[in-house]
Amino acid sequence: MTDESLDAIGLRRGVPQASAALDHLHAYEAAVDGMAMPLTEVVVVGRAYATALADTFAERYPEATVHVLAAPWNPPEGVSDQEPLDNVRRHPWHGSGGFSAILSVLPRPQLLVIALHRKTLGQVTALRKLHGYVEAGGVLAVEHIDRTPGDKTVADVGESVRAVIEEAVRRSPEPPAAHGWSSWLDAFAHSLESVSYHRDLALVTKRHTLLRMLHIAETVPVLEARYGEGSPVTGLLELPGTTFTGRAEVTTHGRGPDVAAGPFTVPPLALRHYTRAQTYPRQLVSYGDYWLPDSFRHQYAPRLRHPGLVRSSDDMAVIRPRWRPDQHRTWDGTLYYLDTEYPGHFGHVSTEVVSRLWGWERAREEHPDIRPLISLRPGQSRVPQYVHDILTAYGIPRSSIVTQYGDEVLDVENLVAADPEFENPRYVSPAIAQTWARIREAFADIEPPLRAERIFVTRSSRRLCHQGPAIEHLFADRGFAIVHPEQYSYGEQVQLFARARIVAGYGGSGMFTMMHAPQARIILISGDGYRAQNEALIAAVNGNDIHYFWGRSIPQERDPTMRKIAFGDDFTFNLRRHRWALRRLLR
C-alpha cells in the first residue's frame with residue numbers, strides 16, 4: 001500500500017471526490033481504516049470520472065481488486081478518460097438492469113461506491129439494486145444523496161436518497177415481520193449496522209450479507225463464472241423439456257377461476273450435485289453468496305420468493321431473523337434433497353416432495369450411500385408417519401432418512417437435488433405417473449378402510465362450505481361414503497382412492513390422493529377464491545373426467561402483511577342451482 005493518501009492521489013488524478021471539490025476521499029479512507037477485515041474487493045459504480053476514481057482506489061490499495069461499472073461518458077473538452085491500472089477491472093453497463101449480471105459473478109466487495117449523479121428516482125433505484133452486494137462488515141458509500149433543484153422525480157419510499165436512508169435507519173432496530181410481505185426497504189434496514197453522513201455522502205456499514213437468488217437456468221453459468229474450476233455444481237442428469245396436451249376432460253359449472261387444461265410446457269428438468277452446500281429448515285439451500293434454486297417452491301416463477309426471505313431488488317434476499325437457526329451441524333456424506341417450505345403438510349409433501357423422487361435412482365448410481373434429507377419445523381420432533389410410508393413405498397427405507405431439526409443449519413459435503421416434475425400452478429410432467437404408479441403398487445396388498453366405489457372427501461378446517469351438511473347429505477343419499485382421509489394410514493388412503501369409481505370432495509390437499517385414482521371421475525366443489533391447480537394438474541396426467549363446481553368465497557378481513565387473496569376463505573354454494581348437474585354425475 002502506498003504512503004500517499006487517497007485524497008492526495010485523487011487530487012493528482014483530478015477526481016471530483018477529492019478535497020478540491022466534494023472532499024469524499026478522506027471519508028472513504030477513514031471507513032476502510034475502520035474495517036475489521038482486509039480490503040480485497042472494491043466496486044465503483046459511476047459515469048463521469050468513474051475509471052479515474054477506480055484508479056485512485058487501485059493505486060492507494062494495490063492489494064485490492066477494483067471493479068468499475070462504468071456507464072458511457074463523454075469527457076468534457078480538455079479531459080481524457082484514464083486508462084485502468086493493472087488491478088482495475090472495467091465492466092461497461094447500460095441501464096441499471098445490467099448491475100446484477102455483472103455483480104452476480106464477482107466476489108463481494110468490502111467497499112461499494114455509488115458515484116452516480118442522477119435524479120432521486122434513479123438514485124433510489126441504484127441504491128435498491130446495489131446495496132445487497134456489499135459484504136457484511138463492509139461499507140456502502142452513496143454520493144449525491146440530497147435532492148437537486150429542479151428534480152421532479154418521485155420515489156415512493158422517500159423524497160430524497162437521504163430520506164430513504166434515514167427511514168431505513170428508523171426501521172433498523174426492529175426486525176422485519178416474522179412472515180408475510182416486506183419491502184426492499186425492510187431488507188435494507190435489517191442489513192445495515194450504522195450510517196454516517198459527510199455533507200451529501202452517506203456511508204452505510206452493513207450488518208448482514210444478502211444472497212443472490214438463482215433461477216435454475218442461470219445456476220450453472222453463474223457459479224462457473226464466479227468460481228471457475230472450483231464451481232460447486234455439476235449436472236448428473238437432464239431431461240429435455242416437452243409440451244403435452246392434458247389428458248383430462250375438464251368441465252366447469254358456475255363462474256370461477258380458469259382451470260389448467262393444457263397444453264402444458266414442461267421445462268428441462270435437471271438433477272444437480274453440489275459440494276459444501278448449506279441447508280436450512282423448510283427448504284432453504286445456500287452456497288457462499290447464493291440462494292440455490294432448490295430453495296424455491298416455484299422455481300420457474302419470474303420472481304423467486306420464499307416465506308423465510310426478505311427480498312431486496314429483483315434477485316437479492318436476506319433471511320428473516322426467526323428463520324436463522326442457532327445451531328450448526330456437519331454432514332460428511334451425501335444427501336438427497338427432499339425438503340419443502342411446509343414440512344409435515346400433506347398437500348405439499350404429496351405434490352412437491354414426491355415430484356422430486358424421479359432422480360433418486362440416478363443419484364444412487366453415482367452415490368450408493370446417499371440418504372434423503374427432510375427438515376422439521378421449529379417445535380416438531382419427528383417426521384410424520386405418512387412421509388415414511390411414501391418413501392418406503394418408493395423403496396427408500398425409513399432408517400436411511402436424515403432429519404434436519406428446526407433450529408439447525410446443516411453443512412453438507414455433497415448434496416443432490418432434482419427439479420420438480422410438478423409445480424403448481426404452472427406445469428406437470430407426464431412422467432410423474434411412473435412415480436405415482438410405483439408408490440401405488442407398493443400398497444397393492446393393503447385393504448382399504450372401507451369398501452366404496454363412490455367416496456366424498458370432506459374437510460374440517462379452512463375453506464369450509466357453509467352448506468356442507470346439505471351437500472354431504474345429498475352425496476350420502478346417493479350411496480357415497482363420506483370420508484376424512486387423514487384418519488387413515490397413507491396406504492389405506494391410496495387403496496381407498498384407487499378402488500373408487502367416483503371421487504368427490506372439497507378442493508384442497510384431501511383430494512390430492514386422486515393421483516392414485518387414474519380411472520375415477522372427479523367432482524370438485526370449491527369457492528371461487530381457490531385458485532390452486534393441483535387437482536387439474538393431477539387430472540391432466542391421469543386423464544380423469546373432472547368436474548369443477550364453483551361457489552362464492554366469503555372475503556375475510558385481510559392481514560396487511562399477507563398477500564391479499566381469498567385462497568383460504570370459507571365459501572357458500574348454491575346447491576339448488578347445481579343439484580341437477582350433480583345428480584347426473586353421481587350415478
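**A helix pair and two residues**

The crossing of helix 1 and helix 3 is right-handed. Keep in mind that this is a predicted model.

Two packed helices are described by the angle between their axes and the distance between the axes. Here, helix 1 covers residues 6-13 and helix 3 covers residues 50-60; their axes come within 9 Å and cross at roughly 140 degrees. Helix 1 is therefore oblique to helix 3, since only angles over 145 degrees count as roughly antiparallel.

Which residues in helix 1 and helix 3 meet? From helix 1 there are L6, I9, G10, R12 and R13, and from helix 3 there are A52, D55, T56, F57, E59 and R60. Sorted by class, this contact has 5 charged, 4 nonpolar and 2 polar residues.

Next, S295. This serine sits in the loop between strand 15 (290-291) and strand 16 (309-312). Is S295 buried or exposed? S295 is buried, because its relative accessible area is 0% and the cut-off for buried is under 20%. The S295 side chain reaches the backbone oxygen of L292 at 2.9 Å. Not counting residues up to four places away in sequence, S295 touches Q283, L284, V285 and H306.

Last, I546, which belongs to strand 28, residues 545-553. I546 also has a relative accessible area of 0%, so I546 is buried. Leaving aside neighbours within four places in sequence, its contacts are A248, E249, V250, T251, M514, I522, E535 and A539. As for V428, it is 118 residues from I546 in sequence and 17 Å away in space, C-alpha to C-alpha.

That is all I have.

Terms used. Residues are numbered from 1 along each chain as its sequence is written. This is a predicted model: local features need pLDDT of at least 70, side-chain atom pairs count only at pLDDT 80 or more; totals for chains, interfaces and linings use all residues. Side-chain values use heavy atoms; hydrogens and water are left out. Helices (H or I, at least four residues) and strands (E, at least two) are DSSP runs, numbered from the N terminus. Buried means under 20% relative accessible area, exposed over 50%, partly exposed in between (1.4 Å probe, protein chains only). Contact means heavy atoms within 4.5 Å. A polar contact is a pair of N or O atoms within 3.5 Å; within protein, one must be able to donate a hydrogen and the other to accept it, and residues adjacent in sequence count only if both atoms are side-chain atoms. Axes are lines fitted to C-alpha atoms, for helices over the stretch in contact, and angles run from 0 to 180 degrees between N-to-C directions. Angles under 35 degrees count as roughly parallel, over 145 as roughly antiparallel, 65 to 115 as roughly perpendicular and the rest as oblique. A crossing is left-handed if the near helix is turned anticlockwise from the far one by less than a right angle, and right-handed if clockwise. Ala, Val, Leu, Ile, Met, Phe, Trp, Tyr, Cys and Pro count as nonpolar, Asp, Glu, Lys and Arg as charged, and the others, Gly among them, as polar.
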